[in-house]
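Me: I'd like to go through the labels on this one and see what each rests on. Can you show it?

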Amino acid sequence: MYIEQVCILFMLSLAVHCVNDIPRGVPYNASSLYKTAGDFNCFDGSSSIPSSYINDGYCDCADGSDEPGTSACPSGFFYCINAGHVGEYIRSSLVDDGICDCCDGSDERYRRCENICGALSDAARAEAEARAKIISTGSEVRQKLIHQARQMRLQKEDRLRKLEEEKVEAEKLKEAAEAHKNAAEEAENAALQIYRQKEEEIKQERIRKEKEDAWREAHNIFINLDSNQNGLLDVEELKVKQIFDRNKDGEVSDEEIQWYLELKEDVTEDVFHSSIWQHIKPFYMMEMGLFTPPETHNENGAQDAEEEEPLGEGGKEQVDEDEKQDDDEEEDDSENVGEGEVIPQNNDEGEPSPAEPEYDPRTLELMEAAKEARSEFDSSNQALQSLEQEISQIKEKLSLDYGPEDEFAPLDGQCFTHTDREYIYKLCLFNQVTQAPKSDGSEIRLGAWSGWVEANGKSAMLYDKGQSCWNGPQRSTTVLVECGSDNELLSVSEPNKCEYLMQFKTPAACKPIEDPDQGLHDEL
Ligand code: MAN
């Protein structure tokens with residue numbers, strides 16, 4: 001009885017293990033490797049076992065090749081035939097685990113699995129048909145884009161040729177205008193030389209007079225202060241002048257005078273001119289109301305000094321006299337004043353603006369001719385520059401990689417947006433990518449056109465050197481391009497901080513259906 005049962009089970013097991021001589025879990029095209037007569041050689045050559053060991057539930061080969069239809073070998077694979085759909089390998093561990101993995105249910109012996117291969121096949125066929133339709137529509141549009149691109153390229157090349165010709169002419173015009181300008185300016189300069197010389201002489205005379213006036217002013221003050229007329233100014237002579245009361249305590253102290261005299265006991269007139277006068281001058285000017293001390297801006301100080309100590313005999317008159325001379329003072333003098341500020345007397349540069357000389361008619365004519373020649377030269381130069389600019393722009397566009405058949409060229413400059421919860425992303429093809437917050441905030445540059453790169457084995461666009469990420473790299477965006485019946489920015493993500501990934505569909509990426517390699521730009 002027991003032997004009978006074992007025999008029946010063995011027969012059943014054989015029936016399950018071998019379908020039409022093909023062991024379970026083996027594709028038709030590999031069946032010859034599992035011949036039932038003789039020994040079975042493990043695929044990795046590690047050992048040779050009797051054929052009866054195939055699918056016996058014990059793992060004999062290290063590579064699991066002896067157990068294609070059981071879960072005995074951890075490294076083995078089971079083949080789902082999936083008749084009516086697509087056959088596929090699954091891991092051996094999924095065999096007979098109670099879960100249907102193959103669409104034909106062949107991986108499960110001990111439970112009933114519904115065969116869904118037909119339904120899957122129908123769905124896959126429908127999807128393939130829809131995809132084929134998109135590719136076919138898209139590739140028609142792509143052909144139009146290629147045609148458009150060809151026209152655009154021809155137009156650009158044509159325009160470039162014209163511009164190059166115009167440039168040759170423009171260069172000649174500029175050269176002529178430059179020569180004309182140089183000649184006109186030479187004649188103008190020659191005519192103006194005499195006026196410039198005159199101007200220079202007047203200027204030198206003015207400077208000489210100003211220096212002389214300044215010297216005389218200091219000299220008069222020196223004479224006035226040198227009360228014993230011994231040609232030297234000493235502490236005692238200065239002490240009597242109330243204007244030297246720097247701290248306004250009502251007394252002129254030795255220390256105050258020593259500050260004026262630079263700690264010297266007495267000074268000669270030469271030393272007075274070269275340095276001492278510079279210390280004293282502001283106080284005289286204050287006295288005359290020509291100088292405002294920095295902190296006080298208080299008229300009383302000057303008034304007090306005047307009341308307490310007039311400048312001495314002839315002092316005031318002398319100052320009045322000096323005041324007139326000061327009107328012509330040079331800027332240098334006012335700079336040397338040291339403290340406070342001098343009320344400006346002249347124009348900004350401290351010099352009275354010289355009146356335009358009266359030019360003779362011939363000079364005026366030459367000046368006008370030179371002005372015109374300069375303006376003509378500027379115009380010719382600008383014309384040449386704008387030609388050069390357009391030439392370089394066209395050359396740049398002509399050298400841009402718009403795909404193997406220029407199919408992306410008509411899309412250059414077109415922009416597409418995608419909005420997510422936080423941002424509005426904008427992709428301007430062959431130009432740049434930006435990100436603008438939906439609420440407040442300024443636009444962030446996520447990269448400028450860099451070129452084609454490979455991503456996931458396919459060609460993609462790279463926009464890099466965007467705005468720097470806080471504490472991180474410059475932002476960059478990779479745009480995966482796929483075939484679609486129209487242009488659309490499908491999705492945007494940020495897989496790594498400040499590295500953005502976009503999916504863009506476009507007919508430009510739809511290669512004709514008969515092309516077995518549907519990879520976009522693989523040949524790029
Ligand atoms: C902004 C955006 C984000 C980015 C952070 C980085 O908020 O550009 O996409 O992750 O800056 O600080």
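**Labels and their grounds**

Reply: Here it is, a predicted model. From the record: the unreviewed UniProt entry lists residues 146-212 and 370-397 under "coiled-coil region". In the model, residues 370-397 are 100% helix and 0% strand, with the end C-alpha atoms 41 Å apart.

Me: How do you know that C100 and C113 form a disulfide?

Reply: Their sulfur atoms are 2.1 Å apart, and the cut-off is within 2.5 Å. The link is left-handed, with -85° about the S-S bond. Both C100 and C113 sit in the loop between β6 (88-91) and α2 (117-225), so the pair ties together parts 13 residues apart in sequence.

Me: Why is C100 called partly exposed?

Reply: Its relative accessibility is 32%; buried would mean under 20% and exposed over 50%, so C100 falls in between. C113, at 12%, is under the 20% limit and therefore buried.

Me: What makes the disulfide of C103 and C117 right-handed?

Reply: The torsion about the S-S bond is about 95°, so that link is right-handed. The S to S distance is 1.9 Å. C103 lies in the loop between β6 and α2 and C117 in helix α2, so parts 14 residues apart in sequence are tied together.

Notes. Residues numbered from 1 in each chain as written. Predicted model: local features only at pLDDT ≥ 70, side-chain atom pairs only at ≥ 80, totals over all residues. Heavy atoms only, no water. UniProt positions renumbered as here; feature names shortened; annotations may be inferred. Helix = DSSP H or I, 4+ residues; strand = E, 2+ residues; numbered from the N terminus. Buried < 20%, exposed > 50% of the residue type's maximum accessible area, 1.4 Å probe, protein only.
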